[in-house]
Amino acid sequence: MTTAYHVADIRNVALAGHGASGKTSLADALLFAAGATTRKGSVDEGTSALDFDDEEKKRRITIDCNLGHLVWNNRQIHLADSPGYPDFIGGALSALAAVENVVVAVSGPAGIEVNTRRLFHEARRLGLGRFVVVTKMDAENVDYRRDLEAIRETFGTSCVPFNVPLGQGPAFRGVVDVLQNHDEDPADCPVPPSEAYQMVVEQIVESDEALMTRYLEGEAIGVDELRAAAHAAIAAGDLVPVLCACVRKDVGVKELLDLIAECGLSPEDVHRFGTSEEGAEEGEEEILPAEEGTLVAQVFKTSNDQFMGKLSFLRILAGRITPDTMLVNLRSGKSAKAGHVYVVQGKNQEEVAEAIAGDIVAVAKFEDLRVSDTLSNIGGNTAVSKLRANPIHFPAPMVPRAVVPKAREDEAKISAGLAKIADEDPTFTIRRDAQTHELVISGMSDLHLEVIQQRLKNRYKLEMSTHVPHVPYLETITAPAEADHRHKKQTGGRGQFAEVHLRVRPVERGKGFSFVDAVKGGVIPNQYIPAVEKGVRERLEKGILSGNTVVDVEVEVYFGKDHPVDSSEQAFKTAADHAFRKAFEKARPALLEPIVAVEVTAPSSYFGDLSADLSTRRGHVTGMDALSGGLQTVQAIVPLAEMLSYATTLKSMTSGQGSFTMEMRGYEPVPPNVQQQVVDRYQKTRAGVEEE
């Protein structure tokens, strides 16, 4: 059994752009125009076929990568509508990983916005075919010529208008195909078709030497030849068609579908790579999109459906899948029968008998799958392929928050619920801090974490609050000291007695804790020495200055006294605890703070402000690099305590155009003034607890 179409007939298209640029409305209009839906969905009315999640409807924004499909001019077109706000960049990157074409929506009245640039450049990096659509052409304050000039200035002169508007703003009434109708220049065209035609022809022939020769010799190039050459130029990255549309008036929608069907890239036009080498993260082995042979399919999204259970969304890179296909996860080695294979239309799934290389499908209840996993197949004479697709890269989440359950008994349930959400979202993580013992979640922004929190409530009926997590400081000493403590307590019956003398000395950073038994003459009986060590270890874990773990210290017990009746392990533990505290306070104690290496990326115009701000955070700049697209990176070493709210500051400072990553680099001593602030804060907290 075979499908009615082949790889060359498939067009996978992501709709991308900044939030509120109109891409989801455009996606709804494309589905409706092709007859894939019976009514044109509306984001404002909460009826969009693609923004179907409760939070998406409520906020009127796209949060996840949502999928649809249609048929147009005998092309099988899979749509991936992606989030527009940087808070949900993970969904956009998932969408780009599954397609060969990107339609970038630019709002006519608003122009190019922050996330538009980022996604356009990412599409170029991935070698995808790019199209730009100027949306909302009927809105007030639209200036198409201004928008076209900004697009060409920002994204390059390879961006040329394949159609131009008839009128603009409230007077917008249609579009003119510049290849077909360039002989006349209607008075209400802000960019005359003849001018646009010249731009298109010159850009197309520039990427085809034979056409260029004929063009320079004055020969007219036919429309059919130009369209055929346009496909090759788009595949080479030399041509980016610009179109305009108005969803409300249903203008420009079918023209976009026509262009995607005719000039868009198929899976055969974009090279994808992987590796068969064990342990290698990435490779340069090309994955050819053959319909027959061994299966190579990559998971680009997972979700937990209320009725279907876990859904894993696959981009088939090679081979084919049927319900009988035995799928093998190359990461874990686990296998499961596909069972049911679905194509997805928003929240609805439609079962299909077969899917081939290039298709985007979903399989249910394969619990082991994660985003970026590669699936192969086994059965009959088919051996499991070792060829794994290169992983999808996501930015690390940089906004941490500690979780506090509203009901203490819900802590385990909240942890399990958040883990399921983290399984769906590669830009959301959950961990238990080994030192502070806090449950810490991390996301791309406060809005991102707010949506996570609401989903936890909606799906699992669990509520929580969050706060900035405690910094995992460490405590240590910088000088040797000694102290002793006698623990004596008489309560009428058997008393408590133990005396312990200790010496403490600092050791090399990172050496941890060592305990030395230097007792002579049995002044502390051998059976009580382990209790002395235990008392010290328990105090190390609890801390003294700030409630944080004590590290890099050697403790020597060298003298003490016992009582034949009143001594016990507990008494020696208590005496050791107090003796260590006294010695620690004499040994010039110090706080150590975690230090991170930070790399900030933003437009170069913000470099001065970024450097100045990092300096105020006790950081020092270690390097800088210029990137393409007017971007620059700044590297710095900064205390972690100064970075906990940095994401919000960076967003404000760069108008949302900045991003950053950070990586732990060890611990360094805290300056005395900062140390005193931390200690005072801890003492106030302790006093409050004692009062309660």
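Q: Which residues of α3 and α4 meet?

A: Ile89, Ala92, Leu93 and Leu96 in α3 meet Asn115, Arg118, Leu119, Glu122 and Ala123 in α4. Contact here means heavy atoms within 4.5 Å, and helices are DSSP runs (H or I, at least four residues) numbered from the N terminus. Keep in mind this is a predicted model: local features need pLDDT of at least 70, side-chain atom pairs count only at pLDDT 80 or more, and totals for chains, interfaces and linings use all residues. Residues are numbered from 1 along each chain as its sequence is written, and side-chain values use heavy atoms, leaving out hydrogens and water.

Q: What angle do α3 and α4 pack at?

A: About 30°, with the axes 11 Å apart; α3 covers residues 89-97 and α4 residues 114-125. Axes are lines fitted to C-alpha atoms over the stretch in contact, and angles run from 0 to 180 degrees between N-to-C directions. So α3 is roughly parallel to α4, a label for angles under 35 degrees.

Q: New topic: how many residues are in the largest nonpolar core?

A: It has 100 residues, and Leu30, Val102, Tyr144 and Phe162 have the most contacts inside it. A nonpolar core is a set of buried Ala, Val, Leu, Ile, Met, Phe, Trp, Tyr and Cys residues joined through side-chain atoms within 4.5 Å; buried means under 20% relative accessible area with a 1.4 Å probe, protein chains only.

Q: And what lies apart from it?

A: Another core, of 72 residues, including Phe428 and Val670.

Q: How much of the protein is buried?

A: 54% of its 692 residues.

Terms used: Buried < 20%, exposed > 50% of the residue type's maximum accessible area, 1.4 Å probe, protein only. Helix = DSSP H or I, 4+ residues; strand = E, 2+ residues; numbered from the N terminus. Parallel < 35°, antiparallel > 145°, perpendicular 65-115°, else oblique.
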